[in-house]
Amino acid sequence: MNTALNISSGPHARDKWTTSYIMHVVILSLLPTVVIGVIANGLHALMIILSSVIAAVLSEFVFDKLCHKKDTWKDGSAVITGLMLALCLSPSVPLYIPILGSMFAILVVKCCFGGLGKNFINPALAARCFLLISFGTAMTRFEVDGVSTATPIADLIGGNTVNITKMFLGFTPGVIGSSALALLVGGLVLWALDIIHGEICFSVLGGFTLFLAIFGGRGFDPRFLAAHICGGGVVMGAFFMATDYATSPVSKLGQFVYGTLIGVLGAIFRLYGGTTDSFSYSVIIGNLFVPLIDMYIIAKPFAYRRTAERKTGQSVPLLKRVPRPVIVLTAITLIAGLALSGVYAMTKDTIDEQKRAANAASYGAVVPEAVNFESSGAIDKAIEDLNGQVYGSDFGRAYINEAYIAKDADGNTVGYAISATSSDGFDGNVSLAVGLNAEGVLNGISFTELNETPGMGMRVDEPAFKDQFAGRSVTKFTLNKAGGSTEDDQIDSVSGASTTSGAVVNAVNAALDFFHSFMKGGN
Amino acid sequence: MVYPLSQHIGKPAKPIVKKGDPVLVGQRIAEADGFVSAHIACSCSGTVKAVEKRRTLTGAMLDCIVVDNDGQYNRAQGFGEREDVTGISREEILRRVQDAGIVGLGGAGFPTHVKLQPKDPSAIRYVIANGAECEPYLTCNDQLMRTRAEAIIEGLELVLSLFENAEGVIAIEDNKPVAIAAMKQAAEGKKRISVRALKTKYPEGGERTLIKVIAGVDYPAKLLPADVGCIVSNVGSLYAIQRAVVYREPLFSHVFTLSGDAVKNPGNFIVRDGTRFSELLEAAGGLKEGVTLKKALAGGPMMGIAMSSLDVPIMKMNNGLTLMSEDPEEVAERQMTSCLRCGRCSTVCPIGLIPQLMADAATVGDLERYEKKLYGLECVQCGSCTYICPAKRPLMQTFKQTKAEILARKRAEAGGKK
C-alpha cells in the first residue's frame, strides 16, 4: 500500500453503454430494412448503400484529420447517416448521388456545425433534400424492369388504390428502404431498448393518423389510413429520422409537441401538397422548431412541479395534470386544420370552375370551328362506367376525363374533343385535350396539365413534337425513340424525354380508342 | 487508533484528553463544541499518544487524537447493562443520544440529537427508518436489519415516543426479502410501525426521493425533512440510538461493508471507529491474488470518496470500503465523446433535472441560467446521470464545481454588501 492510488471525483462506476454501442445497435436495427431493400431492388441497391456508407465514414475521417480532431469517424454515427441516406434513395440512382449526398450530410450538415450531437437538422434528410434539388430527375425516377413507374405514395396522392400488403412488405416501387415492416421491427426494437423516445415516434404516428382521419375526407377508414402509413416513409420518419437525438427536444412534453408537429405537417403535405417527400420536409421543419421548443418547454424538477399537490399532499385529478401547452397546441392544430380544410372546401368550386374554363379553352384550341361543346347520354354513360379507373389495358395508366361533340352555330357536328390523362409522366400526370374533325382526322392536341422537367419533358409542348399528331388519321400511334419516322402512325420522341413522350402518346391513344369505341358516327 | 475530531457536520469536537492519558473503551475523549457538533468516544483501551494533525480520507490533514491501543479493550464503567426504559422522558432520550455522540450513519454525519429536536415535534407525521442501501455494493443496512431487527424496532419506538403524531415507516428495497421479513416479524403488533418495500433503484434511499415515496411530498433543496413533517433516520443510526438509550452505550463501532472486485473476502464487519482501512482489509484477508488495486473508495461507487491511501482512519459515518481492480474513470476517459443529446441523463435524474442542459450552461459559464432556469442547485450529486451517460461526460464533476462556484459568488456578494 505504498503507491498512491488514483483519486477522482465520483461516481466511480459507469454504465456499459457507450456512444458507439448505441450507434451499433441502431445500425443493427436498420439491417432488416437493408436486407429487404437489396432483395427487392437487386444488387445495385447494395452498391448504393455501400458507397453511401463508405463516403460518409471517409468524409468524417478526412474532416477529423484536417481539423486535428479526436477520431470521431469510428463511433458509428457516420455509418448511420450514410445508411439512412441510402435507404431514402431510389434504387436506380447512379452511384455518384449517394456519394455526393453523404459528403454533404457529413461535411456540411454535421461536421461544420460541430459534429456529433451539434447538427441542427437531420444530416441524412438534409442531404436527401440537397440531392432532390440538385438531381431532381434521377432522384424521383422509380423503375420496374427498366420502365419508370409511380410509387404507391404518388398513386395515393393521385387518388388511386394501392396494394397495401406489398407496400407494407416493401415490394412496391419506391426508395431502397421502403419496407415498412422491416423498419417497424427495427424501430420497435430501438424503442424497447430505450434508445429512441416513444414520445416522439408514437406522437408522429398519432398526429399523422389523426390528422388524416379528420381531414383526409375518408374518416377512420382503416384501408385508407393503412395505405398511408404502410409506405416506408412514415415509419422511417417516425422511428429513425424524427428521433435523431441531436435534433429532437429534451423534455418529454417537448418531444410530444415536436412529434405531433411532424406528424401533422406530414399529413398536411400528403393531403394538400404535391410532393411524395412529405416526411423529409416535415421532419426538417420539426427539427428547426426544436430550439424554440427547448426554450419554452423545460421540465421543472422535483418539488417545483405541481405546487397544489406539494402543498396539500393530495394528488391532483388527471385532467388538471394535462399541461396547458398540450391543450393550447392541440387547439391550435385543430383550428389550423379546420381553417385549411375550410379554405379548401370554399375554393374547391372556384378551382373546378377555372379548370373547366381552362378545359373549354383547350377544346376550343383543338376544334377551332366549334361554337358549342355538347355531351350525349351515351358518352356520359361510357365515362361514368369508367368510374375514374385506368382506361383500357395497353395505354399504360391512362384515364378518360371528359368527351364532347363539337357543334357549330347551326348545330352541325364539326368535330370531337376528348380530355385524357396519363399518370406515366415523369413528374405526375400529363393531361391533354385531343381534337378531331367530323371525319375523325386528328386536329391536334393541347396540354391542360404538364409538370415535367423544363428543357426535357416540357418540350413535348413545343410544336416540333405536338404538331406531329395533326392531320393524321390512325387508330393508334407508336412512339419512335430513335426519331426520323416515316410511317403515318409513328411519333418521334422528344430526345432525352421518352418517358414524357410515351405518356403523351398513351393519353392520345386512349382518347382515340375511346373515340372509336363510343363516339365515332356521331352517336 | 486515530480519531479525527471532525466526524460529523458542524464544528469539530474539542479534545478532553492529552498526551499520556490512559483511556478505556467507551470513554469520551472529545466533547461537542456547541449544539451542532458531537462527542467522540474511544473504541479501544490504551494511552493517548498524541493530539496532532493526521492525514484523513479526503487527503486533508486534520486534528486527530491518536491512541496507542493496548489490545486489552478494557471497557469504561457505566454502560453495557440493559436498563428498563419504559416511561423514559423525552429529555432523557435526547440527553442519552447526545451523550453517545450519535451522528447520521447514512453517510452525511449530521448530529442525531439535533435532527431529533425540530422546532415543532407535533408537526412530524412520519419517522422513516431508512433501510435502503445508500449505494450499490453496500450491504451493511441489509445485514443489520437481518440480524438486529428487534433492536432497530426498539430504536424506532424510542424515536416515535418523541413525536406523538408520527407514524413509523421502515423503508426497505424490494430486493431484500430476508430483511423485509425480519423487520416485519419484529414490528408485529406495533401499531405505529409499518414496513414498506421500495423499488430497488439507486438513489431510492436518498432523503428527498424517500420522502416523496413514503409521505408523497416533494420539497426543494433549501428545506429540511422536518419542514415537511418527516424525520429520516438510517437503520444504523436507530440501532445506535437503541444502544445509547437502553444500554447507555456511546457510538464507537458500527457495521461496515467491505466490497469490490479486488477484495478476496467481501462482507460486512463490525468495525471500531479509528481503525485504519488498511487494517480492516488485512484482517479480512486482503486483496484477491494477482489483482492490482487501482481504486479505493470510502463508501460505494457512486458517491464514495476516492482515497489515495488506505492508511487513514475509519470514521463514524463511513459505511463501506469499495476496492476496484480497474479505474472506471480511466476507462470512461478513453470512451468519452461529445454529448449525443440522447436524454438518458434526464430520465435517471431523481430530481427531474436536465443534466445535459446544465452541463451546457456550466460549460459556457451561464450561471444565471444554470441556477434559475435549470434549477442546478437542486442537484443532489447522486451521480446517476454520469453513470448512465453513454458519451461518458463528466457531468456530476461539472455540477459539483459549478455549485461551488455559484455558492462562492453568492458569499462574495453577501460579503460585499456588508
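Me: Which domains does the assignment give for chain B, bearing in mind that domain bounds come from an automatic or database domain assignment, and what ranges do they cover?
Reply: This is a predicted model, in which local features need pLDDT of at least 70 and side-chain atom pairs count only at pLDDT 80 or more, while totals for chains, interfaces and linings use all residues. Residues are numbered from 1 along each chain as its sequence is written, and chains are lettered from A and ligands numbered from 1 in the order in which they are written. For chain B the assignment gives domain 1 (2-69), domain 2 (90-247), domain 3 (253-326) and domain 4 (332-417).

Me: How many residues of domain 1 of chain B are in contact with domain 3 of chain B?
Reply: The centres of these two domains of chain B, taken over C-alpha atoms, are separated by 21 Å. Two residues are in contact if their C-beta atoms, placed from the backbone, lie within 7 Å. On that basis, 13 residues of domain 3 of chain B are touched by residues of domain 1 of chain B, and the latter number eleven.

Me: Which element gives the most to the side of domain 1 of chain B that touches domain 3 of chain B?
Reply: That side divides into five nonpolar, five polar and one charged residue, where Ala, Val, Leu, Ile, Met, Phe, Trp, Tyr, Cys and Pro count as nonpolar, Asp, Glu, Lys and Arg as charged, and the others, Gly among them, as polar. Helices (H or I, at least four residues) and strands (E, at least two) are DSSP runs, numbered from the N terminus. With three residues, the element that gives the most is β1(B).

Me: Why does the radius of gyration of chain B agree with that of a compact globule?
Reply: The radius of gyration is taken over C-alpha atoms, and the globule rule is 2.2 Å times the number of residues to the power 0.38. The C-alpha atoms of chain B fill a box of roughly 60 × 55 × 50 Å along the principal axes. Because a compact globule of 418 residues would have a radius near 22 Å, chain B agrees with its value of 22 Å.

Me: Is Ile9(B) buried, partly exposed or exposed?
Reply: Ile9(B) lies in the loop between β1 (2-4) and β2 (14-15) of chain B, and, leaving aside neighbours within four places in sequence, Ile9(B) is in contact with Ala108(B), Gly109(B) and Phe110(B). A residue is buried if 20 or more other C-beta atoms lie within 10 Å of its own, exposed if 12 or fewer, and partly exposed in between, with C-beta atoms placed from the backbone. Since Ile9(B) has 16 other C-beta atoms within 10 Å, Ile9(B) is partly exposed.

Me: Which strands do the buried residues of α6(B) pack against?
Reply: Helix α6 (residues 207-215) of chain B is mostly covered, with seven of its nine residues buried, among them Leu210(B), Ile211(B) and Ile214(B). Just after α6(B), Gly216(B) takes a positive phi of about 70°. The buried residues of the helix pack against β8 (126-130), β9 (167-173), β10 (193-198) and β11 (230-234) of chain B.

Me: How are α1(A) and α2(A) oriented to each other?
Reply: Axes are lines fitted to C-alpha atoms, for helices over the stretch in contact, and angles run from 0 to 180 degrees between N-to-C directions. The axes of α1 (residues 19-41) and α2 (residues 43-66) of chain A come within 6 Å and cross at roughly 140°. Angles under 35 degrees count as roughly parallel, over 145 as roughly antiparallel, 65 to 115 as roughly perpendicular and the rest as oblique. The orientation of α1(A) and α2(A) is therefore oblique.

How values were computed:
Domains from an automatic or database assignment.
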